[in-house]
Amino acid sequence: MIDSYLAFSGLFHMNSGKGYVYDLCSCRKEAMDALLKAYPSIPGVFGRMTSFFTDFSHRFDGIEVGDEGLQYKLLLAVSFMRTHVCACEHIFNSESIESATLLRKQLELIARMKEVDVNQLSTLFGRVPNVSNVRPMNVLYGVLSKIAHNADVESLDMLGFRMEDEMHKHFCLYPVYNENTIFSFGIAIGLFLMFVVEAIHLQKGIIPGYDVQADGDAVIDFLQFGKSSNIPFFNKIEV
């Protein structure tokens, strides 16, 4: 069995003399620089996500929503957009445990948006959303939950480590870019696309004269741009 231990190394700026927060921010920048070097198209993908959020939110200027179910779904949409930016920030910093916890929340939120369409609100309140309906992303729920709950020692490998030798792991005090980073971003992309479906459906129910074409064009542009990148998620997408 591997004996895990924490190693405080100068490699992660422990000797800067400027404190933990300074060193943390420095290592976050190094992790992001490494990510962008490996996947230079990430800003373009993230920018298209946030542009969709901007267009979606602007369409609700001056719109009054009276239906309780639609009010609930709109607030869920606001929560998704706000959290998604936070989750991606953690991903870009290679903070995989933090991002996994937020991505799990996003998966549950998509499940709840779907439930509102087919259930009375009174039957939903106080219950955890049923993620089995969020296919195919639901298969990741168990993994994300294990990480979020620190359910075992192996889930803490997401902190980042290197093998000192065959029997010892050298854990990182600060975030370091690793293969989990781009995998987490792939999950964020998948959840974003599922949110787009729910957002289009929500706008149809609220905004008079809503034209789905603009959002449809935005999705096509998003996927085409992704396909031109080297981000692994888009390898399985056909446009």
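User: How many residues in the lining of the second largest pocket are nonpolar, polar and charged?
Analyst: This is a predicted model, where local features need pLDDT of at least 70, side-chain atom pairs need 80 or more, and totals for chains, interfaces and linings use all residues. Numbering runs from 1 along each chain, and side-chain values use heavy atoms, without hydrogens or water. A pocket is an open set of points on a 1 Å grid where a 1.4 Å probe fits, with protein on both sides within 12 Å along at least five of seven lines; lining residues have an atom within 4 Å of a point. The lining of the second largest pocket splits into 11 nonpolar, 2 polar and 2 charged.

User: Which residues are closest to the centre of the second largest pocket?
Analyst: This pocket has a volume of about 240 Å³. Its lining has 15 residues, and closest to the centre are E98, L159, C172, L173 and P175.

User: Which element gives the largest share of that lining?
Analyst: Two helices (DSSP H or I runs, at least four residues) give two or more residues to the lining of the second largest pocket: α1 (20-38) and α4 (96-116). The largest share, 3 residues, comes from α4.

User: What is the volume of the largest pocket?
Analyst: 15 residues line the largest pocket, and M137, G186, G190, F233 and K236 lie nearest its centre. Its lining divides into 11 nonpolar, 2 polar and 2 charged residues. The volume is about 310 Å³.

User: Which residues does F222 touch?
Analyst: Contact means heavy atoms within 4.5 Å. Leaving out residues up to four places away in sequence, F222 touches V45, R48, M49, I189, F192, L193 and F234.

Notes: Points joined across faces, edges and corners; volume = space filled by probe spheres on them. Nonpolar A, V, L, I, M, F, W, Y, C, P; charged D, E, K, R; others polar.
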